[in-house]
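Hi everyone, thanks for coming. Have a look at it first.

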Amino acid sequence: MDKLLKDSFVIGAEHVAAWADLLDAINVFPVADGDTGRNLSISLYPLRAAEADKKKVVEQLLFSARGNSGNIASRFFSSFYMADSIADLAVRAQEGAQGAWLAVSDPCAGTMLSLFDALAEALPATQSVVVDKEAAVRILNRLEKAVQETRDTLPKLREAQVVDAGALGMYIFFEGFFYALVGVPDNQRPVTEIFKNSLLISSSFREEKDNGYCVDFVVEAKNSSPEKLAEITKGQDNAVIIPEGNIYKIHLHTEDAEKIKGQVKQLGSMLHWEEDNLSYQIKEFMNAQAGQSMNVMTDAAGSLTRADAKKYGITLLNSYLTVGDKCMPETYYQPEELYDPMRQGIKVSTSQAS
């Protein structure tokens, strides 16, 4: 992959992190838990490793993926990131879109899946075509249309009067990606203007689901089969299964996280486990204050948690923390993710977003 292409992936990922709070604020599908921005920022951090080997980046995408949106996006980028040049992007986009649809147990239009389809259709399909400024604008116009259509495609989004947060997150990524690719200055219309009538949740919206857990895990199942792993996801919501040889990354929503953990351990070695309490997240999201007359903006040196920032209407301008080969906005790290590596002598550094 040439340097310009790699740098464009970095810019795309940083755009998503910069707009993460907005994505969280409109995240009502599939569950109104307000974490799409966080999940996409965490899931796509491997794309910022401009000097890393492509296969290593794809492996990290598998392990870092969080939430429904993050896992679907990671599946797409595990193909899209393998492009060697601009000429490869169309084929890789088609592969990524197909893989993303297949990874979801109950895929539906009106999500980032539709945006991936739109991208695959909009990219020039011949090797001789160069993606220039005119082509980039045309592609982004098609993606903008795909995002706008999500509001009328999914009943839940229509009720909330917002676009899909995951689809918008991917639009934000590709806006940064393509403008960087063709050398367009980053001073275009902000997404708050492009989608200005679809970024405020209706006051009449209510979330019906109020319990359960959002679970992400990676399991090495040498002596198992995809069918046995699929059995675990039966009866669970929003399941995403990403296979990589004997290793499987699985996301799902369940009312019994411990039961799922026990079933997985019987099939193989648990390599990674993450869970979020949906009851808590939904309650916090539905009780969040809206339409405040004043907001405070600070960098993370204010030592505020993301929970407090949301509660009091404070916008955090994150620096990045690089811990070993993991680089994310600093407020996405849990304390043990920072201090344990430091005790082990792993290099930790900070940097600003570009």
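**A walk through the chain**

The protein chain has 16 helices and 9 strands. Both are DSSP runs, numbered from the N terminus: helices are H or I with at least four residues, and strands are E with at least two. Two quick notes on where this comes from. Residues are numbered from 1 along each chain as its sequence is written, and side-chain values use heavy atoms, with hydrogens and water left out. What you see is a predicted model, where local features need pLDDT of at least 70 and side-chain atom pairs count only at pLDDT 80 or more, while totals for chains, interfaces and linings use all residues.

Let's begin with the overall form. Along its principal axes, the C-alpha trace of the protein chain spans about 55 × 50 × 45 Å. A compact globule of 354 residues would have a radius of gyration near 20 Å, and the 19 Å of this protein chain agrees with that. This radius is taken over C-alpha atoms, and the globule rule is 2.2 Å times the number of residues to the power 0.38. Of the 354 residues, 51% count as buried, meaning under 20% relative accessible area, with exposed over 50% and partly exposed in between (1.4 Å probe, protein chains only).

Now, which residues have the most contacts inside the largest nonpolar core? They are F77, F80, M170, F173, F174 and F178, in a core of 73 residues. Helix α10 (residues 165-182) gives the largest share of this core, 12 residues. Such a core is a set of buried Ala, Val, Leu, Ile, Met, Phe, Trp, Tyr and Cys residues joined through side-chain atoms within 4.5 Å. Apart from it lies another core, of 14 residues, with V215, V219, A221 and I260 among them.

Zoom in on M170: leaving out residues up to four places away in sequence, M170 touches L40, L44, A73, F77, M112, L115 and F116. Contact here means heavy atoms within 4.5 Å.

L40 takes us to helix α3, as it is one of the buried residues there. Helix α3 (residues 36-43) is mostly covered, with 8 of its 8 residues buried. T36 sits in this helix too, and T36 counts as buried because its relative accessibility is 4%. Beyond its neighbours within four places in sequence, T36 is in contact with L23, D24, N27, S69, A165 and G166.

On to the strands. Four of them form an open sheet in the order β2-β3-β1-β4, with antiparallel pairing. The edge strands, each pairing on one side only, are β2 (237-244) and β4 (269-277). Two strands pair if DSSP finds at least two bridges between them. Strands β1 (residues 213-220) and β3 (residues 247-254) are joined by 8 bridges, and D216 has H251 in β3 as its bridge partner.

Two helices lie across this sheet. Helix α5 (residues 67-80) lies across β1, β2 and β3, at about 30° to β2, while helix α13 (residues 257-265) lies across β1, β3 and β4, at about 170° to β4. For these angles, axes are lines fitted to C-alpha atoms, for helices over the stretch in contact, and angles run from 0 to 180 degrees between N-to-C directions.

Last stop: β7 and β8 form a hairpin with 2 residues between them, and G324 in the turn has a positive phi of about 65°.
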